[in-house]
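Visitor: I'd like to learn how to read a protein model. Could you walk me through one?

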Amino acid sequence: MRSKLFFLVVFIVTACAPKPDPNVQVQVAVASTLAAIPTNTSQPIPTPIPSPTPFDLRGLFCEYQFCIGHPIDMAFYDVTAQQNPAAPNSYSQGILAAFNGNLFIQTIWQLAPGAADPQFLLDLILEDGLDTRLGAPDVKLIRDMNVIYTPIASTATSLLPYGGAAAWTCGDRVFAWKVYSPQADNTQALFDLALARFQCNR
């Protein structure tokens, strides 16, 4: 009898209780669903990448696993191949020349593993009886290369009486450079231009 009475009381209380509002139930269900949806992580702000500086090939000779600068209005040619087409320049040795009405430039190189002093190639590029050194040579260490530079006077042509000559080591090779010019004050700048763009495989 008591259990019947208990069920009757529960039934009356349940029947008299306020009914839940269906709008509230929908709102709760929508809020629960939205809370369960994973949120996207915001994309990181892209870091601007600087645009690469264009590589300028004007006034640059690159072959035989080295590059060297030269005036834009000149171009080197392979002297060795012109003298002997069967034996052109190579990695181990060669001669390049460039000229116009106002300048003559020559570059030579030779394989010399272990050589630290480039003086022997400076002596080789200077022509006996034509090229005369002026003053003491300037010796420097530039980008891990032993470099010797000397101003010269030349009797090779009366139009180009001034000049400069240099030699340096790079890797297992020694390089030498020479210029004839109508004026003395630009020869060092021409060499600086050549060496500033010089690179070699070490």
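Guide: Helices (H or I, at least four residues) and strands (E, at least two) are DSSP runs, numbered from the N terminus, and two strands pair if DSSP finds at least two bridges between them. This is a predicted model, where local features need pLDDT of at least 70, side-chain atom pairs count only at pLDDT 80 or more, and totals for chains, interfaces and linings use all residues. Residues are numbered from 1 along each chain as its sequence is written, and side-chain values use heavy atoms, with hydrogens and water left out.

Visitor: How many helices and strands does the protein have?

Guide: There are 5 helices and 11 strands.

Visitor: How do I read a sheet?

Guide: Strands of a sheet pair through backbone hydrogen bonds, either parallel or antiparallel. Here, an open sheet of 3 strands has antiparallel pairing, in the order β1-β2-β11. The edges are taken by β1 (60-63) and β11 (199-200), each with a single partner strand, so one side of each has no neighbour in the sheet. Look at β1 and β2 (residues 66-69): their antiparallel pairing runs over 4 bridges, and E63 has F66 in β2 as its bridge partner.

Visitor: Where is Q65 found?

Guide: Q65 sits in the loop between β1 and β2. To say how covered a residue is, we use relative accessible area: buried is under 20%, exposed over 50%, and partly exposed in between (1.4 Å probe, protein chains only). Q65 comes out at 44%, so it is partly exposed. For touching, the rule is heavy atoms within 4.5 Å, which we call a contact. Setting aside residues up to four places away in sequence, Q65 touches Y91, R173, C200 and N201. There's also S90, which is 25 residues from Q65 in sequence and 9.2 Å from it in space, C-alpha to C-alpha.

Visitor: What share of contacts join residues at least 24 apart?

Guide: It's 48%, counted among contacts between residues at least 6 apart in sequence.

Visitor: What about strands inside the protein?

Guide: In a regular strand the side chains alternate between the two faces of the sheet.

Visitor: Which strands does β10 run antiparallel to?

Guide: β5 is one partner, joined to β10 by 8 bridges. β9 (residues 162-170) is another, with 9 antiparallel bridges to β10, including the one between G163 and Y180. β9 and β10 form a hairpin with 2 residues between them, and G171 in that turn has a positive phi of about 65 degrees.

Visitor: How many residues does the hairpin from β4 to β5 go through?

Guide: That hairpin goes through 4 residues. β4 and β5 run antiparallel with 7 bridges, and F99 stands opposite F104 in β5.

Visitor: Is T150 buried or exposed?

Guide: T150, in strand β8 (residues 145-154), is buried, with a relative accessible area of 0%. Apart from neighbours within four places in sequence, T150 is in contact with L122, R133, L134, G135, P137, G164 and A165. Across the protein, buried residues make up 33% of the 202 residues.

Visitor: And how do I read a pocket?

Guide: Rolling a probe the size of a water molecule over the atoms shows where empty space is left. On a 1 Å grid over the protein atoms alone, using a 1.4 Å probe, a pocket is an open set of points with protein on both sides within 12 Å along at least five of seven lines, and lining residues have an atom within 4 Å of a point. The largest pocket here has a volume of about 250 Å³, volume being the space filled by probe spheres set on the points. Its lining has 15 residues, with G94, I95, I108, W109 and L124 nearest the centre.

Visitor: Which element supplies the largest share of that lining?

Guide: β5 does, with 4 residues. β4 (93-99), β5 (104-111) and α4 (119-125) each give at least two residues to the lining of the largest pocket.
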